[in-house]
Every structure is written in structure tokens, then in C-alpha cells.
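The sequence and structure are shown first.

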Amino acid sequence: MIFFPCIFNAQVIETTREIEMSAENSTIKTRFKAPQGYRWETDPTESFEDFLINFPLKPETFPLRDYRNLPLGKQYHHAAILDIDVGEKDLQQCADAWMRLYGEYLWLHQRYDEIEFEFTSGQKMSWNDYKKGVRTTEDNDRVKFHKTAKYSDSYANFREYMDLVFQYAGTISLDRETVPVLKNSDIRVGDIIIKPGSPGHAVFIVGSARNSVGKRVFLLAESYMPAQDIHILKNPVNSRISPWYELDINAPKLMTAKYLFAPVPIKRFKRIK
């Protein structure tokens, strides 16, 4: 267990910035060794899977914080913290964390036309519309779209777009935008374990390793409520391989460090091939 006695009474101030992918950073893949007898699985360069496994991490002693930049009271459920901001509002929670990373991946590779997410209402909001000045208002539990802002394709504006997505999207909408993974052999980095609801929950795969007989283990990440740093979860059930997890789509349940999924719905975003 790691304690942070010197910083729990102070905020940790951080500014929003574009993600910097660099081999010099401590990344998910470089920090976490595969369990004995396993080897990291690699993915095609510039794929979403490659983006995740090489994502930069905060220093090992950095505290898990909420959206107010205050360290959380429980600092023993996570194994690492991804080096990405939370935002200044209680918005970037569980499903939002996955959407944030996928949005950042598309932004990094200038695939702007693909940045679009569905709201819980069933309506969709694209980055192309938002950068052209389209904004939202609420009317009888429905969202209406109006062009009220000036054109801006800046990263700061993109970050505001993502906050808008977090406000109106969640586990229910993300679940609709995913399809089931039907075989254990098809599970891959970027897949989501999701229970839709209000509240529901979602965690997602950020690493995978395989042994000589084809058995696989996975790293899981999440945000939570209140909105907090995206972090990699420890395994509360199997300390021998923690933070790695064994996953089985046919298992009756999956116990993570903070949540129980029963059954284990592993799904993939429809637009990821």
C-alpha cells in the first residue's frame, strides 16, 4: 500500500494539454512486466491498441485525484495513473474515460471526421459540427442543436467538445455503440467491459499478454465517480498476477478492484475494425 502523507492537504495543479506520445515517457507497456511465463502482445503501429499500450503514465508516487485536483482518500485500488487530465467538472467518469481516450487517439492521428459520439438520447454529436459552432440546449429532456459559436478547430475547443459528450453520453449510449465479443480468443486491447445503467459502469482493456499455450491475461483501466484520473486497476482476487486479470466471456462474474460485473459483457466499439 502506498501512502502520500505530504500531499493530501494540497491540490495538485495541472493544465490541460495535448497528449504527447513519446518512447521516453514511462508507458503502460514499459512499466508493467507480463506475469512469469507470459509475453506482451503487440499491435499494429498507429492502431488504437498500440496507442493504449504505449500511453504515458504519471510517476509511480503520483496520487489518484478527482476533478478538483484533490487526492482521493483510497489510494490502494490502482496500480498506475494515465498521464491525461480529468477536467475541471464532475464529468469524465467511467464510460467517458474510454471515449476520451478514443477521441484523443483519433485527434492524434488527425482522423477528425471519425470523432463522433452518441448521446443517451440517441442523438449524435460530431467534432466537425462542434468546431463549426454547433452547440446544444435542453428542451423537455431532449437535446436541441444550434449554431451559436464561432468556428474553431483548436485543441482547447476539442477538449470542450469532449466535456459536452461526457455531459450527454454515458454507459447506456456507449453500450449501444458497441457489439459483443463472442470468443475469448477475439478479446483485444481497447475492448470494454460494460454494464449500462444509471449508474452503470465500464472498464476497458489497456494491455494483453500471452503464454506459450495461448492463455492470455489483461490490464484493465477505468475512471469512476466522482470524475477522477484514469487509472489501471489492481486485481483484488489474484495477487499472484495483479494488476493483470484473466478474462472469460462465459464467466458468471468478474470482480475488479472497485466493481462486480455479473455476467462479464465484453464489447467492442462498432467503428473499430
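## Strand pairing

In this predicted model, strands β8 (residues 192-195) and β15 run antiparallel and are joined by two bridges. Ile192 has Lys267 of β15 as its bridge partner.

Strand β15 (residues 266-269) is also joined to β7 (residues 178-180), by three bridges, and this pair too runs antiparallel. Here Thr178 of the chain stands opposite Phe269 in β15.

## Helix α5

Helix α5 covers residues 155-168, which makes 14 residues. From its first C-alpha to its last the helix reaches 20 Å, close to the 20 Å expected at 1.5 Å a residue.

The buried residues are Tyr155, Asn157, Phe158, Arg159, Tyr161, Met162, Leu164, Val165, Phe166 and Tyr168.

## What covers α5

Which elements cover the buried residues of α5? Among the helices are α3 (94-108) and α4 (127-131). The strands include β3 (116-118), β4 (124-126), β5 (134-139) and β6 (142-147).

## Confidence

The average pLDDT of the protein chain is 92, and 91% of the residues score at least 70. Over residues 1-10, pLDDT stays under 50. For residues 1-10 the model has 15 contacts beyond four places in sequence. Where pLDDT is low, the predicted coordinates should not be read in detail.

Notes. Residues numbered from 1 in each chain as written. Predicted model: local features only at pLDDT ≥ 70, side-chain atom pairs only at ≥ 80, totals over all residues. Heavy atoms only, no water. Helix = DSSP H or I, 4+ residues; strand = E, 2+ residues; numbered from the N terminus. Expected span 1.5 Å × (residues − 1). Buried < 20%, exposed > 50% of the residue type's maximum accessible area, 1.4 Å probe, protein only. Contact = heavy atoms within 4.5 Å. pLDDT = per-residue confidence, 0-100. Pairing = 2+ DSSP bridges.
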